[in-house]
Amino acid sequence: MTTAKGTATRHRIVEAAAAEIRERGTLATTLDDVCRRSGTGKSQMFHYFPEGREQLLLAVTELEAARVFDDQQPYLNELTSRAAWEAWRDVIVTDCRTRGLHCPLGVLIADVGRYSPAAQAVTTQLIRRWQDSVRAGIEATQSAGEAAPHLDPDRTAAAIVTAVQGGVSVLLSTGSADHLEAALNLCLDHLLSPARE
């Protein structure tokens, strides 16, 4: 059974690994870097991650996936009106603009999330959960009469999530969140037009 101190040490190692990967990327981050940053030794590292680097990277993927989802709350669960959608958009754009190249979503999608099949599974689960939440928001907004009624909620949710991912990819390449903001604005203009036939 893991003690409270052990849980805290493990979490410190994962946070250190996540920070290193945000700054340097997965390939450039070594276990020595993580030990140095977390203030732990190799024996502690392998105590909590006996399978080594891949197991640690999976833990980082899980941490970043939870962080991406949690950073959008409570807005993501309250998408019922134009004002709510705009607030959600603003949270995503501001967060990415503030964190820049160290945005957890960018790290997850462009780096650790594709490192192994297990990490891909975590990323896939996040995307599915995220798309489900956006779809529920679309359906609620359609029911309230504030969203285009003819739009397919699941396809539209997939497009919105993809717009965010694409915008973050451009951010990682250019350092600018302008494309992310433009893509989300276009999606919301399309969604929040109930008069369209």
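**Exercise 1. Find which residues line the largest cavity of this predicted model, and say which helix supplies the largest share of that lining.**

Step 1. Start with the lining itself: V68, D71, Q72, V91, I92, D95, C96, C103, P104, L105, W130 and V164 surround the largest cavity of this predicted model.

Step 2. At least two lining residues come from each of α4 (53-71), α5 and α6.

Step 3. The largest cavity holds about 110 Å³ of space, and the structure has two cavities of 30 Å³ or more.

**Exercise 2. Work out which residues of α9 are buried and where they sit around its axis.**

Step 1. Locate the helix: α9 runs through residues 178-191, which makes 14 residues. From first C-alpha to last, α9 reaches 20 Å, close to the 20 Å expected at 1.5 Å a residue.

Step 2. Pick out the buried residues, those under 20% relative accessible area. In α9 they are L180, L184, C187, L188 and L191.

Step 3. Look down the axis. These residues lie on the same side of α9 because they cover an arc of only 95°.

Step 4. See what covers them: α5 (82-99), α7 (117-143) and α8 (153-174) are included.

**Exercise 3. Decide which element has the lowest mean pLDDT and which has the highest.**

Step 1. Begin with the whole chain: its mean pLDDT is 89, and 95% of its residues reach 70 or more.

Step 2. Go element by element. Helix α6 (residues 104-110) has the lowest mean, 73, while α9 has the highest, 96.

Step 3. Keep a reading rule in mind: where pLDDT is low, predicted coordinates should not be read in detail.

How values were computed
Residues numbered from 1 in each chain as written. Predicted model: local features only at pLDDT ≥ 70, side-chain atom pairs only at ≥ 80, totals over all residues. Heavy atoms only, no water. Helix = DSSP H or I, 4+ residues; strand = E, 2+ residues; numbered from the N terminus. Expected span 1.5 Å × (residues − 1). Buried < 20%, exposed > 50% of the residue type's maximum accessible area, 1.4 Å probe, protein only. Arc of directions from axis to C-beta. Contact = heavy atoms within 4.5 Å. pLDDT = per-residue confidence, 0-100. 1 Å grid on protein atoms, 1.4 Å probe; cavity = no way out; pocket = protein on both sides within 12 Å on 5 of 7 lines; lining within 4 Å. Points joined across faces, edges and corners; volume = space filled by probe spheres on them.
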